[in-house]
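Subject: Structure handover

Hello,

Please find the structure below, for your files. My notes on salt bridges and nonpolar cores follow it.

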Amino acid sequence: MKRISFTSDYMEGAHPLIMQRLMETNLEKTPGYGTDAYCEAAKAKIRSACHAPEGEIFFLVGGTQTNATVIDGLLQSYQGVIAAETGHIGVHEAGAIEFGGHKVLTLPHKNGKITAEQIEKLLCDYANDANRDHMVMPGMAYLSQPTEYGTLYSRAELTQISSVCRAHRMPLYVDGARLAYALACPENDVSLADLAALCDAFYIGGTKCGALFGEAVVLPRPGLIPHFFTIIKQHGALLAKGRLLGIQFDTLFTDGLYEKLGAPAMAAADHIRAALRECGYTLCFDSPTNQVFCILDNDTMARLAQKVDFGFWEKYDDTHTIVRFATSWATDMGDVKLLKDALRDAWQ
C-alpha cells in the first residue's frame with residue numbers, strides 16, 4: 001500500500017503557477033532586497049485586496065522570523081506579548097520571542113482562542129498591581145487566524161479584542177501562517193479587509209499556503225514600526241533575492257488565487273472528519289479548517305502509523321494521544337481515500 005502523509009501543510013513545493021513564473025523570470029536581473037518591480041506589483045495587489053491603500057507591505061522569509069521580527073519591532077525592551085498558552089510563539093518557535101528579549105504572557109485558551117475579557121483583565125491586573133514596575137508590561141496582543149487548533153476567530157470576537165487593545169493603546173497582531181485556509185472556510189466571516197481594519201499588523205502566510213516560502217507582513221497604517229526594513233535585516237529575515245518573494249505573492253494575488261487555493265484543503269479535511277466519525281473515532285476539537293484533530297488509543301495509533309504519517313499533538317492520557325491530520329492546497333483526494341481505508345483497517 002502506498003504510504004501517505006498528512007503530517008503538515010507545508011510538505012509540498014509551490015503552486016504550479018508560481019513555479020511557472022519563477023522559471024519564466026529565472027534569468028532576469030533585478031534589484032535586490034525587495035526593491036524590484038515584482039515586489040512593487042505584489043504590494044499593490046495586497047493593498048487592494050486588504051482595502052488598505054496606504055498600507056506598508058514587507059516580505060519576509062518565514063513564519064518564525066516574521067513573528068520574532070514584528071514582535072520585537074512593536075515592543076519596548078520592558079514589554080511582553082499576550083498570547084494563548086497554545087500560541088505558536090509560546091510553544092513551537094523554540095523560544096524565539098524570549099531569545100529576542102520579550103516574555104510571552106500566556107492566557108488559558110478555549111480551543112486555541114482567547115477572549116477580549118481575558119485580555120482586559122490581564123491589562124487591568126497589571127495596572128492595579130503595586131509591584132508592576134518590577135514586572136513585564138503587557139505591550140501587545142498576538143492571535144492566530146486560524147489558531148493552532150484550527151479554530152477561527154469570528155469578526156465579532158476580533159472586533160471585541162481590537163476594541164480592548166485600542167482602548168489601552170496596545171497593538172494587535174495576527175499571525176496568518178494558514179490564512180488562506182481561514183479565508184476558504186465556509187464558517188469564516190473575517191476578510192482581509194477586516195484584518196486590515198481591526199489589526200495593527202498581520203501577516204499573510206505563503207509557506208503553508210501555496211508558496212515555496214515566504215510571508216507578507218501588512219501594516220495597514222504606515223509608520224507603525226519606524227525603520228522596519230532595517231529591523232528585518234537585523235533579524236536575518238530579509239531575502240537578498242527579494243524578487244523570489246515578490247513573484248510568488250504577485251502570483252498568489254492575481255485573479256484571487258490566494259483566497260481560492262484553500263478550497264481543496266477544506267474539501268479534503270471535511271472528508272477526513274466524516275471518515276473519522278463514520279469509523280467511530282473521537283474528534284478532539286471543533287476545528288473547521290484544514291487541521292483535523294482526533295483522539296487515538298495508543299494501539300490504534302501504532303497500527304495507523306504503519307501506513308500513514310500524521311502529526312503528534314499531545315498526550316491525552318496514559319493510553320491515548322491527540323494526533324493531527326493536516327491537509328493543504330495540494331492534497332490529493334486519492335490520498336484521502338487511502339487514509340479513509342487505513343482508518344477503517346486500524347479501527348478495532
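A salt bridge here is a side-chain nitrogen of Lys or Arg within 4 Å of a carboxyl oxygen of Asp or Glu. This is a predicted model, in which local features need pLDDT of at least 70 and side-chain atom pairs count only at pLDDT 80 or more, while totals for chains, interfaces and linings use all residues. Residues are numbered from 1 along each chain as its sequence is written, and side-chain values use heavy atoms, with hydrogens and water left out.

Salt bridges

Lys 43 and Glu 40 form a salt bridge, with N and O 3.7 Å apart. Both residues belong to helix α2 (residues 37-50) and are three residues apart, about one turn of the helix. Helices (H or I, at least four residues) and strands (E, at least two) are DSSP runs, numbered from the N terminus. Lys 43 counts as buried because its relative accessibility is 13%, and Glu 40, at 40%, is partly exposed. The cut-offs for relative accessible area are under 20% for buried and over 50% for exposed, with partly exposed in between (1.4 Å probe, protein chains only).

The whole structure has 12 salt bridges. One of them pairs Asp 309 with Arg 3, the closest N and O atoms being 2.8 Å apart. Asp 309 is in strand β11 (residues 308-309) and Arg 3 in the segment before β1 (4-5), so this pair ties together parts 306 residues apart in sequence. Asp 309 is partly exposed at 29% relative accessibility, as is Arg 3 at 41%.

Asp 194 also forms a salt bridge, with Arg 155, at 3.1 Å between the closest N and O atoms. This pair links distant parts of the chain, 39 residues apart: Asp 194 is in helix α9 (residues 192-198) and Arg 155 in helix α7 (residues 155-167). Asp 194 is buried at 17% relative accessibility, whereas Arg 155 is partly exposed at 37%.

Nonpolar cores

A nonpolar core is a set of buried Ala, Val, Leu, Ile, Met, Phe, Trp, Tyr and Cys residues joined through side-chain atoms within 4.5 Å. The largest has 60 residues, and Ile 46, Ile 119, Phe 202 and Ile 204 have the most contacts inside it. Helix α8 (residues 179-184) supplies the largest share of this core, six residues. Apart from it lies another core, of 27 residues, including Ala 68, Ala 83, Ile 89 and Tyr 173.

Regards
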